[in-house]
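Subject: A structure for you to look at

Hi there,

Here is the structure I promised to pass on to you. Please open it in your viewer and keep it beside this email while you read.

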Protein chains: 2
Amino acid sequence: MKNDLIPVLDHLAKDSAKSLERLFDFLRIPSVSADPAFKSDVARAANWICGELRSAGLNAAVRPTSGHPMVVAKHEGPPGYDGPRLLYYGHYDVQPADPIELWKSGAFEPVLVDGPRGKRIVARGACDDKGQVMSFVEAFRAWIKVHGTLPCAVTILLEGEEESGSESLEPFLEQNKAELKADACVVSDTGMWDMETPAITTSLRGLVYLEITIHGPNKDLHSGLFGGAVPNPINVLSSIIAAMHDSQRRITIPHFYDDVEETSPRVRQQWQKMGFDDNEFLGSVGLTESFGEVDRTTIERTWSRPTCDVNGIYGGYMGKGAKTVIAAHATAKVSFRLVANQNPRKIIDSVRAFVQARLPKDCRAEFTEFGVNRAFHVPDGSIFLAAAERALTQVYSRPAVLIGSGGSIPAVGAIQRILGAPALLMGFGLDDDCVHSPNEKFEVGCFEGAQKSHAALLSEVGRMRL
Amino acid sequence: MKNDLIPVLDHLAKDSAKSLERLFDFLRIPSVSADPAFKSDVARAANWICGELRSAGLNAAVRPTSGHPMVVAKHEGPPGYDGPRLLYYGHYDVQPADPIELWKSGAFEPVLVDGPRGKRIVARGACDDKGQVMSFVEAFRAWIKVHGTLPCAVTILLEGEEESGSESLEPFLEQNKAELKADACVVSDTGMWDMETPAITTSLRGLVYLEITIHGPNKDLHSGLFGGAVPNPINVLSSIIAAMHDSQRRITIPHFYDDVEETSPRVRQQWQKMGFDDNEFLGSVGLTESFGEVDRTTIERTWSRPTCDVNGIYGGYMGKGAKTVIAAHATAKVSFRLVANQNPRKIIDSVRAFVQARLPKDCRAEFTEFGVNRAFHVPDGSIFLAAAERALTQVYSRPAVLIGSGGSIPAVGAIQRILGAPALLMGFGLDDDCVHSPNEKFEVGCFEGAQKSHAALLSEVGRMRL
């Protein structure tokens, strides 16, 4: 079976000029989902990619939602196929082009430009996510062209609201749960370690975000008349925030670490060998050293350890000069990045109890919850992870590294939760792709590697039996 | 000599209707110093009170400044007098009348109204400070009318900018230091304990007010990508603020209490007997119990103990909802109420060192100083304090209580510092006088008691020899 892949890779190589033309056509459609002025362009992009999927040989349809449409496509694999089914998730909408004046060429007029790592495609969406979507579409096209079929069953789900809140995604997943059922979900919206080193993102941190307001006196007080004899909500809030970390910069909230899992030795070892450059990472934001939980590397601190950060704080007099006031209340927006198995609900309950336990008499706390996301974590024994690692090994000279990301991708959480399909984050962007910024680009080398990698993954999955 | 006072008090009693008429004339002048529209009225009030001092028998003059004028008057006491000289400080300007619609009668149309404690004078400035100024002017008038002289030497300094920042006061004091030299300064701008209990304010807290900004990364960061590996300025600021108090709610800044003096046993005993009502004081602002330094009463906490209160704090995202940002900087406005001999400069230096010592690497602190006031404190052995106590005993059936105030009166500090004259704060307002609010009033009983008390103080000082 493995030999089936070779002619597919050959075809991809021969077809590369045409695949670029197709991507350019896609990039010319300004499918900016956040701006209602582009509504018909977003619809045009949906129709265009639906047509591509059909021309590649899949059953595809544009499906309306209350927002921008979904594109759903399917292929059942070879006759009589009873192996795993992959769900490919991606998005055909893009970020706005602003600030337009900083683009060196039109945001929706894709060009090939010479760069230090070969030719690059410059346009809004080149990497995020049209280039990455077209990578697997081209892999489908080549497989079907060469062998008349895909080696395994696939479902494709492309949304048009990823850059504007994904409001329709969860309802659509709920309503089409049975139809979208799959054994794993391939998401191609992340990055490589560098152009020679493919990467699979195996962890994304989750998030709990709370607004905490401490109320004290029933009005603002004169600090001369009352100071020293009344609880000051700003001081109380500061004390509570300060108490959330100990001197080792570990979080002191009871049970906070109960469900945190240590990164596996294999992955930690990989991280140590990756040559992550603290100076580059921190220097770019004016810092000279990593500051966080003791005895952890920067990578561990940002990829695999939970955090507590205050994202905003306000209370009392914030104008120019001095006002001798004791404020009636003070507010902090406090967020916790979660990892592995931490349960957001349990964390919120622990935080609330922690705050309540530290309130002086006559003070009360008010809580507002925003955003609750579980962390994403691929267990080290995942068979789809192993398949992806094998696939990447066939395309690249270096083995894939398993990386994490400190942020979260809401769609990944929704798909895992609603469809129960474990996600496989195999992406081909680079850190300098200027995603969401002017002059977004995608290296042609990355585009080609991505096509081959997806072709190889299909081959690997086609040989798996669950 | 003591018998000299009796005919003066008799005269004051007989002249009371006319003294009210004179005060009403003064109150009819809308000498609002903060509003340029009233500039000529402020000047008119200066001329009016200057005329009153002259008609009472003093040498008086209106003295220009770069702002509103000063009124300076003098009397040398009896022929050959070589005893102490008193400087009387007061102000002839008033707060704006706004909100005008809440006044039951015109703010500058004084009326006599029946109240639970007899007649009261209702008008802007009735208590603060025209009524109190006229109290000592009437005492001067009566003394000179009855005896042809005052029993001691006096200088009077009335400013017209007390309600709008006193900008001209310090330069005027500096420029006229020799002329204004005195042995003590009587300030009549404070209050009684209640209508039957006179009070001398023997302590006012000082103030140090700092704005502290903690800088961390050189730009706002994504808390997902960087959280856990960088110092968060809001968390750092909160920790520093929290560290300023210990679990006993004492201030932890090194050397902070070095120069704090304990209140004398005599004054503490008085405070204990005064029947201060915690419930009334705290209940009015929605609190049920006093919260502050352990083992201290509410009076001690607000009158005689230093504090650390954050008056304002801000940083990061303060809008609605959630933003997962780590702010580049965070700011707190932190003030310290000072007592007794605390040196503001020393306190500022200690606070700065305290903050610097707690900064993680890559963070820096920026300090801006606002308002630096020493505390005011009359030592228990002051001979002028004793004279005032004796004077009040002759007028009231209860002895004077020595009270404190948590706030500060900037003019008092300036006079003590520049002229070296210890201040004697003998005031006759009541807590419900609505000073700075609509329907400001002054009890006729307070006005009359104040006149008698000033007459008695003059008598007491006339018998002192330094």
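This is a predicted model: local features need pLDDT of at least 70, side-chain atom pairs count only at pLDDT 80 or more; totals for chains, interfaces and linings use all residues.

**Chain A as a whole**

Let's begin with the overall build. Chain A holds 14 helices and 18 strands. Its C-alpha trace spans about 85 × 50 × 45 Å along the principal axes. Does that fit a compact globule, or does it disagree with one? For 466 residues, a compact globule would have a radius of gyration near 23 Å, and chain A comes out at 25 Å, so the two agree.

Two further numbers describe the inside of this chain. Of its 466 residues, 52% count as buried. Then look at the contacts in chain A between residues at least 6 apart in sequence: 79% of these join residues at least 24 apart.

**A covered strand in chain B**

Now please turn to chain B and find strand E6, residues 153-159. How many of its residues are buried? The count is 7 of 7, which makes E6(B) a mostly covered strand. Both of its faces are covered. On one side sit B:Ala153, B:Thr155, B:Leu157 and B:Glu159, and on the other B:Val154, B:Ile156 and B:Leu158, all of them buried.

Which strands pair with E6(B)? Strand E2 of chain B (residues 70-75) is joined to E6(B) by 5 bridges, and the two run antiparallel. Within this pairing, B:Ala73 stands opposite B:Ile156. Strand E3 of chain B (residues 85-91) is joined to E6(B) by 7 bridges, and here the strands run parallel. In that pairing, B:Gly90 has B:Leu158 as its bridge partner.

**Where the chains touch**

Finally, look at the two chains together. In chain B, 66 residues are in contact with 65 residues of chain A. Which element gives the largest share of chain B's side? That is strand E11 of chain B (residues 309-316), with 8 residues. Sorted by class, chain B's side has 26 nonpolar, 28 polar and 12 charged residues.

Strand E11 also pairs across the two chains. E11 of chain A (residues 309-316) is joined to E11(B) by 5 bridges, and these strands run antiparallel. To find the spot in your viewer, select A:Tyr314: its bridge partner in E11(B) is B:Tyr314.

Enjoy exploring, and write back with any questions!

Best wishes

Conventions. Residues are numbered from 1 along each chain as its sequence is written. Chains are lettered from A and ligands numbered from 1 in the order in which they are written. Two residues are in contact if their C-beta atoms, placed from the backbone, lie within 7 Å. Helices (H or I, at least four residues) and strands (E, at least two) are DSSP runs, numbered from the N terminus. Ala, Val, Leu, Ile, Met, Phe, Trp, Tyr, Cys and Pro count as nonpolar, Asp, Glu, Lys and Arg as charged, and the others, Gly among them, as polar. Two strands pair if DSSP finds at least two bridges between them. The radius of gyration is taken over C-alpha atoms; the globule rule is 2.2 Å times the number of residues to the power 0.38. A residue is buried if 20 or more other C-beta atoms lie within 10 Å of its own, exposed if 12 or fewer, and partly exposed in between; C-beta atoms are placed from the backbone.
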